Amino acid sequence: MNTTCSPRTSAPATSGVTESLRKPLYNVNGNAEAFEIRVELPGVPKSNVKLDLEENILTVRAERSTTVPEGMKALHRELSPLSYLLRLRLNAPVSEDQMTAKLEDGVLTLRLPLKEVAKPRQIPVL
Amino acid sequence: MHEYEAERIFRLKNSNQTNQAMKLIRTNPFSLNRVSDFDEWFRHPLAGLPSLSSFINNLGEVFPGVAGDKLAVDVHEDKDNYFASFEVPGVKKEDVKIELNNGMLTVSAEKREKDGEKESSYSLTRSVSVPEIVNAEAIVAKLEDGILTVTLPKQERSKPRTITLN
């Protein structure tokens, strides 16, 4: 189980609302037990992350906190203030209720355990 | 005539709040302002061209890994401080090194990634030129949500001061 997702899933057209979003850098690892997904979300506090799993599509939406207080002016800008959106289509059923998420140092780590039916089964030779 | 000139200088000084206006100040023969501090950040030969660095940065978004060795930076300013913010997701506090040397602020971050059993690490670095008016002794840094913010306080003398005639 090496090809764990379709990495080319692009940001969907938002319904009527024009909102600028960008795709964060991410990394997917899969083994016989679970998907492990790392998403880089610098500048995003825990409260600004929304996760959603519906019909094997995982959606991560995250907003950067506005780090520029009043009275400050920008002299040079390279960091993008845009919010993040990542949609991944999972190619195996996962147990939604056992999904765990951790946000640390601007990196979101997700663990999505596979459902029993999706796990490889050893068949003994008699 | 004199009134007109006075008004113009006044106007330029007031518009000092915006970046565009700073460019005006440099060409203003009546102003005693030296070249704005903004330029000083990037005038250093090693600081790199900001336009180039943002280009490389954009390239990195299209081809992750291409420009992955250079940290993106934002510079902000308020009355008392400069703030340089670097994006360092996944980097631990102990893996960040900040150095001030000859007016250059250099940030190096060691990024460790665990890919299943494999563990890899690579370092990211960025230098920016620091204006002279920064009080080097008072520079502080904090790491939060993958953003490293370096606060560079301006020295007292560079804060606006009113001089009264005796």
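Strands β4 and β5 (residues 57-62) of chain A run antiparallel and are joined by 6 bridges. Strands here are DSSP runs of E with at least two residues, helices are runs of H or I with at least four residues, and both are numbered from the N terminus. Two strands count as paired if DSSP finds at least two bridges between them.

This is a predicted model, in which local features need pLDDT of at least 70 and side-chain atom pairs count only at pLDDT 80 or more, while totals for chains, interfaces and linings use all residues. Residues are numbered from 1 along each chain as its sequence is written, and chains are lettered from A and ligands numbered from 1 in the order in which they are written.

**The sheet in chain A**

**Chain B as a whole**

Chain B contains 4 helices and 7 strands. Read from the N terminus, its elements follow the order α-α-α-α-β-β-β-β-β-β-β. Of its 166 residues, 19% count as buried. A residue is buried if 20 or more other C-beta atoms lie within 10 Å of its own, exposed if 12 or fewer do, and partly exposed in between, with C-beta atoms placed from the backbone. Among contacts in chain B with a separation of 6 or more, 44% come from residues 24 or more positions apart. A contact means that the C-beta atoms of two residues, placed from the backbone, lie within 7 Å.

**Two buried residues**

A:L103 is located in strand β8 (residues 100-104) of chain A. A:L103 counts as buried because it has 20 C-beta neighbours inside 10 Å. Apart from neighbours within four places in sequence, A:L103 contacts A:K46, A:V49 and A:L108.

In chain B, B:F86 is part of strand β2 (residues 81-87). B:F86 is also classed as buried, because 27 C-beta neighbours lie inside 10 Å. Leaving out neighbours within four places in sequence, the contacts of B:F86 are B:L71, B:V73, B:V107, B:R126 and B:L148.

The table gives a C-alpha separation for each of these residues.

| Residue pair | Separation in sequence | C-alpha to C-alpha distance |
|---|---|---|
| A:L103 and A:L41 | 62 residues | 8.7 Å |
| B:F86 and B:T149 | 63 residues | 6.4 Å |
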